[in-house]
Amino acid sequence: MDIEEFVDGYFFDAPVPNDFTVDEIVEDVGMYFKSNEATKYAKQYITEQMGEMWTALKQQSLDWWLQSLNQAHQQLNLI
């Protein structure tokens, strides 16, 4: 198992996704891989992944709001 697969398990395979802090995951990486380099890489990987997920979430939210506004505008035009 590689570090990315190990970390992904906390987000995608957990009974409650995102139920762990970054520090808890990094600590577990250190115990499992027994390497300081592994913990550094895990922290970097999590930070990058969370940044990408946050960007995607913001885009989905923005798309939803725009769609809602368009629907409201269309309904007002029908009145």
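Helices (H or I, at least four residues) are defined here as DSSP runs, numbered from the N terminus. Thr39 is found in helix H3. The model is a predicted one, in which local features need pLDDT of at least 70 and side-chain atom pairs count only at pLDDT 80 or more, while totals for chains, interfaces and linings use all residues. Residues are numbered from 1 along each chain as its sequence is written, and side-chain values use heavy atoms, with hydrogens and water left out.

Helix H2 comprises 12 residues and reaches 16 Å from its first C-alpha to its last. This span is close to the 16 Å expected at 1.5 Å a residue, the expected value being 1.5 Å times one less than the number of residues. Ile25, Val26 and Val29 of H2 are buried (under 20% relative accessible area, with exposed meaning over 50% and partly exposed in between; 1.4 Å probe, protein chains only). Seen down the axis of H2, the buried residues fall within an arc of 100 degrees, so they line one face of the helix; the arc is that of the directions from the helix axis to the C-beta atoms. The face turned away from this buried side carries the exposed residues Asp23 and Glu27.

Lys34 lies in the loop between helix H2 (22-33) and helix H3 (36-78). Just after H2, this residue takes a positive phi of about 50 degrees. Lys34 is exposed, with a relative accessible area of 70%.

Leaving aside neighbours within four places in sequence, Thr39 is in contact (heavy atoms within 4.5 Å) with Val26, Val29 and Gly30.

How values were computed
Helix = DSSP H or I, 4+ residues; strand = E, 2+ residues; numbered from the N terminus.
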